[in-house]
Amino acid sequence: ISTSSKEGMSNSILESMSCGIPVIATNIGSSDVLLGKYFNEFSYSPGDINYLYKRILFLYKNIDIGRKYSFYLHNRAKAIFGPDIIAKNYEKIYIKYLIMSKKSN
């Protein structure tokens, strides 16, 4: 559960995702990017304790949905935010920058 009122790309959410732990997070920062298609279902406005409680209870009562959500987050973490993927993305940016800088010289 992330209760942040200010956040960028949350490491705690990414770590939970990589472990296959279901995440309920405030709807700030990059939560939408991290949670993907489950963002609307498992995010809430900062301070909305009643909605947070309902989401926790929902996961508790719906084990199969929780498992499906956990599996989705785990696979999403590996496919989009894994170290190899991030390194390749940085490499593409650096190569693009090098090509652009050579053209301008």
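Predicted model: local features only at pLDDT ≥ 70, side-chain atom pairs only at ≥ 80, totals over all residues.
Residues are numbered from 1 along each chain as its sequence is written, and side-chain values use heavy atoms, with hydrogens and water left out. Helices (H or I, at least four residues) and strands (E, at least two) are DSSP runs, numbered from the N terminus.

The buried residues here are L52, R55 and L59. They take up an arc of only 60° around the axis, which puts them on the same side of α3; the arc is taken from the directions from the helix axis to the C-beta atoms. Turned away from that buried side is a face with the exposed residues N50, Y53, K54, Y60 and K61.

Next comes α4, which runs over residues 63–81. Its 19 residues reach 26 Å from first C-alpha to last, close to the expected 27 Å. Buried in α4 are G66, Y69, S70, Y72, L73, R76, A77 and F81. Looking down the axis of α4, these buried residues fall within an arc of 165°, so they line one face of the helix. The face turned away from them carries the exposed residues D64, R67, K68, F71, K78 and A79. As for partners, the buried residues of α4 pack against α1 (11–19), α2 (31–35), α3 (49–61) and α5 (83–104), with contact meaning heavy atoms within 4.5 Å.

How do helices get described as pairs? Two packed helices are described by the angle between their axes and the distance between the axes. Axes are lines fitted to C-alpha atoms, for helices over the stretch in contact, and angles run from 0 to 180 degrees between N-to-C directions. For α1 and α4 the angle is about 115° and the axes are 6 Å apart. That makes α1 roughly perpendicular to α4 (65 to 115 degrees; under 35 is roughly parallel, over 145 roughly antiparallel and the rest oblique). On the α1 side, L14, M17, S18 and C19 meet L73, H74, R76, A77 and F81 in α4.

With α5, the axis of α4 comes within 5 Å and crosses at roughly 30°. The two helices are therefore roughly parallel to each other. K78, A79, I80 and F81 of α4 make this contact with P83, I85 and I86 of α5. In α5 itself, 22 residues reach 32 Å, close to the 32 Å expected, yet the count of buried residues among them is zero.

F39, between α2 and β2, counts as buried at 17% relative accessibility. Leaving aside neighbours within four places in sequence, F39 is in contact with N27, S31 and D32. D48 sits in the loop between β2 and α3 and is partly exposed, with a relative accessible area of 31%.

How values were computed. Expected span 1.5 Å × (residues − 1). Buried < 20%, exposed > 50% of the residue type's maximum accessible area, 1.4 Å probe, protein only.
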